[in-house]
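Hi,

Here is the structure I said I would pass on. Have a look at it first, and my notes follow below.

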Amino acid sequence: MIPVVRPYLPDRRKLDSYIDKIYQSKQLTNNGGLVKELTSRLEEYLGVKHLLLVNNGTLALQVAYTTFGLGVEKCIDEAITTPFTFIATASSLKWQGINPVFTDINRDTWCLDPECVKKGITDRTRLVVPVHVFGNGCEVEELEKIAQQYGVKVIYDAAHAFGVKYNDKSLLAYGDASAVSFHATKLFHTIEGGAIIFKNPEDHDYASEIINFGMTKDSNIESLGINCKMNEFQAAMGLCVLEDIDNIIAIREEIFYRYKKVLTDWVGFQVLNDKITINYSYFPILLSSESEVVRVRDALESNGIFPRRYFHPSLDTLNLPGFDNSHCDVSRMVSRRVLCLPIFFGLSVNQVDSICSIIKSALSRTPVIDQPCF
Ligand SMILES: *Cc1c(COP(=O)(O)O)cnc(C)c1O
């Protein structure tokens, strides 16, 4: 059976040596030695400052919103976000009492279209939450201009953007903050986990209190906090995975270009921002219709291969309380036609070739289609 992703498991002895350290220190959580070590190694690897580790990517988003005083008490705040994403982008807003308002995506890059963001801004908008979907960089400069013009914050859902550079600088350094997920199925993981990268050190320091019940260094309570600290076992896993990350990315790169070579002319691809580096975290293909997606998925599944319909349905079609129901046509069209193929460390080029043959025969049509959105 070939899943869409398989979590990376580092060398057992290496992990054991970190666990030995935990047994020696007898500190299991509360900003222990391994959490501190992972924080500084990640800042160095990613080329960012003011990184705060937390216990998952969803709470990374929620703590980031809270740090800027959004939602919670004032249930009238709105945030503009994309409907073409994982549910956590929007549900995390609603949990903080911020109403998600969906505006449409660009039909080629599948990221929020800055022009649509601009049109969606009202006097209740306090925040924009763009997603670097599948690791593709949003139009960060345009979005920053809009944010400045309207006096709103920008918090990126950067769950897919680990290690991506934009113009030679970390993509995670854009916006007021970026939230990353280190879930087991992500490119880099700590089993469950996440991080927030802040632009300003004061925001980082305030958030570090929020994640520990709102307690200051002197154990005073001055703000409303929550508990979402990363623990030492999560950090141990992260340190092991980080040591292997360049190798993990190199293997994924090989898979990525193999798919691309064999499937070119057969399917459409996401158009990547030409200012970014690729982290090879996903391999989405665009088919000509939803029925093609279903046909290809069923053919793969009957061979024990499990692609996923990330991200279907488009979130603007959900009828959850407090979700707006504006109609995002491009997102609906893209989400009906995208299928993510398996890509992970341990998938062989031969397996990629068999996946591609199954796709081609399931398509049962001639290869020629126009790029990028046929
Ligand atoms: C995975 C993911 C999240 C949530 O991260 P968790 O660590 O699983 O809580 C949020 N947004 C996007 C786009 C994701 O893919």
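**What I found**

The protein splits into domain 1 (2–239) and domain 2 (245–363), with bounds that come from an automatic or database domain assignment. Before the details: this is a predicted model, so local features need pLDDT of at least 70 and side-chain atom pairs count only at pLDDT 80 or more, while totals for chains, interfaces and linings use all residues. Numbering starts from 1 along each chain as its sequence is written, and side-chain values use heavy atoms, with hydrogens and water left out.

Back to the domains. Taken over C-alpha atoms, their centres are 24 Å apart. Contact (heavy atoms within 4.5 Å) involves 46 residues of domain 1 and 51 residues of domain 2. The two bury about 4,200 Å² between them, and 67% of that is on carbon and sulfur atoms; buried area here is the accessible area (1.4 Å probe) that two parts lose on being put together, summed over both.

Now the ligand. It has 14 residues around it, and Gly57, Thr58, Asp157, Ser181 and Lys186 are the closest; a residue counts if one of its heavy atoms lies within 4 Å. By type, the shell has three nonpolar, nine polar and two charged residues. (Ala, Val, Leu, Ile, Met, Phe, Trp, Tyr, Cys and Pro count as nonpolar, Asp, Glu, Lys and Arg as charged, and the others, Gly among them, as polar.) Two helices, α3 (57–67) and α4 (87–95), each supply at least two of the shell residues; helices are DSSP runs of H or I with at least four residues, strands are runs of E with at least two, and both are numbered from the N terminus.

Which side chains make polar contacts (N or O pairs within 3.5 Å) with the ligand? Threonine 58 has a side-chain N or O atom 2.6 Å from a ligand oxygen, and serine 181 places a polar side-chain atom 2.7 Å from a ligand oxygen. Aspartate 157 has a side-chain N or O atom 2.8 Å from a ligand nitrogen. The ligand exposes 380 Å² when taken alone, and the protein buries 92% of that (Shrake-Rupley method, 1.4 Å probe).

Most residues other than glycine have a negative phi, and most peptide bonds are trans. The bond from tyrosine 310 to phenylalanine 311 is cis, with omega near 0°, and another cis bond joins histidine 312 and proline 313, with omega about 0°. Phenylalanine 311 sits in the loop between α9 (290–301) and α10 (329–337), and proline 313 is also in the α9–α10 loop. Phenylalanine 134, in the loop between β4 (125–129) and α6 (140–150), has a positive phi of about 55°.

Cheers

Key: A polar contact is a pair of N or O atoms within 3.5 Å; within protein, one must be able to donate a hydrogen and the other to accept it, and residues adjacent in sequence count only if both atoms are side-chain atoms.
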